[in-house]
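The following note sets out points for discussion on the model shown below. Each point is meant to be read alongside the coordinates.

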Amino acid sequence: MKVLAKLLLLICLLLAPISALAQETWTKGDSIFTFFLCSSEKDIMDVALADSKNMDAYAQQLLAKTISQNCFRLAPPQMFVVEEVISTYKDYKDVATCVLKIKKIGGDFMGYVVAAGVPKENRGI
């Protein structure tokens with residue numbers, strides 16, 4: 001029974017994107033809705049590394065982090081504010097992706113997510 005539950009969780013994770021994207025560029029103060037986040041930067045970087053390799057590694061990492069409760073799903077999705085763009089990379093589908101540090105609106109809860117897109121450029125004057 002536990003194996004079936006894990007298999008169903010894995011299928012759900014594969015069928016749904018990690019975050020609901022409101023835009024394709026990210027900077028401090030942007031809003032993001034997400035239903036999957038990690039509690040530490042190390043955990044999300046493990047997910048990002050797997051995401052850059054292939055779908056199997058990515059799915060296995062999501063499952064492992066969820067089972068260990070280092071990363072978790074939010075139902076329903078919740079809105080957060082981007083605190084910092086930590087890193088950028090190309091995912092296994094060659095899509096530009098960012099690792100974001102996020103904060104709950106009106107609170108001090110912090111977490112980390114990956115989201116398709118790139119950091120906004122500072123155009124200056």
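**Note on the predicted model**

1. Phe-80 has a relative accessible area of 1% and is therefore buried (buried: under 20% relative accessible area; exposed: over 50%; partly exposed: in between; 1.4 Å probe, protein chains only). The charged end of Lys-104 sits over the ring of Phe-80, 5.2 Å from the ring centre; this term requires NZ of Lys or CZ of Arg within 6 Å of the ring centre and within 35 degrees of the ring normal.

2. Basis of the note. The model is predicted: local features need pLDDT of at least 70, side-chain atom pairs count only at pLDDT 80 or more, and totals for chains, interfaces and linings use all residues. Residues are numbered from 1 along each chain as its sequence is written, and side-chain values use heavy atoms, with hydrogens and water left out.

3. Overall architecture. The protein chain has three helices and seven strands, in the order α-β-β-β-α-α-β-β-β-β along the sequence. Helices (H or I, at least four residues) and strands (E, at least two) are DSSP runs, numbered from the N terminus. Of the 125 residues, 32% count as buried. The accessible surface of the protein chain comes to about 7,400 Å², of which 58% belongs to carbon and sulfur atoms; areas come from the Shrake-Rupley method with a 1.4 Å probe, and for residues only the protein chains shown count as cover. Among contacts (heavy atoms within 4.5 Å) with a separation of 6 or more, 59% are between residues 24 or more positions apart.

4. Helix H2. The 13 residues of H2 should span 18 Å at 1.5 Å a residue, and the end C-alpha atoms are 19 Å apart, which agrees; the expected span is 1.5 Å times one less than the number of residues. The buried residues of H2 are Asp-43, Ile-44, Val-47, Ala-48, Ala-50 and Asp-51. Viewed down the axis, the buried residues of H2 fall within an arc of 165°, so they line one face of the helix; the arc is that of the directions from the helix axis to the C-beta atoms. An α-helix has 3.6 residues a turn, so residues three or four places apart point the same way. Exposed Lys-42 and Lys-53 are carried on the face of H2 turned away from its buried side. The cover over the buried residues of H2 includes strand E3 (31-38), helix H3 (55-67), strand E4 (71-90), strand E5 (96-104) and strand E6 (110-116).

5. Asp-43, in helix H2 (residues 41-53), has 7% relative accessibility and so counts as buried. Leaving aside residues up to four places away in sequence, Asp-43 touches Cys-38, Lys-65, Asn-70 and Cys-71. Asp-30 is placed in the loop between strand E2 (25-26) and E3, and at 10% relative accessibility Asp-30 counts as buried. Asp-30 and Val-82 are 52 residues apart in sequence, yet 5.3 Å apart in space, C-alpha to C-alpha.

6. Tyr-58 and Tyr-92 form a tilted pair, 6.0 Å centre to centre with 45° between the planes. Tyr-58 lies in helix H3 and Tyr-92 in the loop between E4 and E5, so the pair ties together parts that are 34 residues apart in sequence. Tyr-58 is buried, with a relative accessible area of 11%, whereas Tyr-92, at 27%, counts as partly exposed. The rings of Phe-80 and Phe-109 have centres 6.2 Å apart and planes at 50°, so the pair is tilted. Phe-80 is in strand E4 and Phe-109 in the loop between E5 and E6, so the pair ties together parts 29 residues apart in sequence. Phe-109 is partly exposed at 35% relative accessibility.

7. Tyr-112. This residue of strand E6 is buried, with a relative accessible area of 11%. Tyr-112 and Ser-40 are 72 residues apart in sequence and 6.6 Å apart in space, C-alpha to C-alpha. Beyond residues up to four places away in sequence, the contacts of Tyr-112 include Ile-44, Ile-86 and Leu-100.

8. Backbone geometry to inspect. Most residues other than glycine have a negative phi, and most peptide bonds are trans. A cis peptide bond joins Ala-75 and Pro-76, with omega about 0°; Pro-76 lies in strand E4. Gln-69, in the loop between H3 and E4, has a positive phi of about 65° although it is not a glycine, and at 67% relative accessibility Gln-69 counts as exposed. Asp-94, in the loop between E4 and E5, also has a positive phi of about 65° and counts as exposed at 55%.

Key
Rings of Phe, Tyr and Trp (its six-membered ring) pair if their centres lie within 6.5 Å; planes under 30 degrees apart count as stacked, over 60 as edge-to-face and the rest as tilted.
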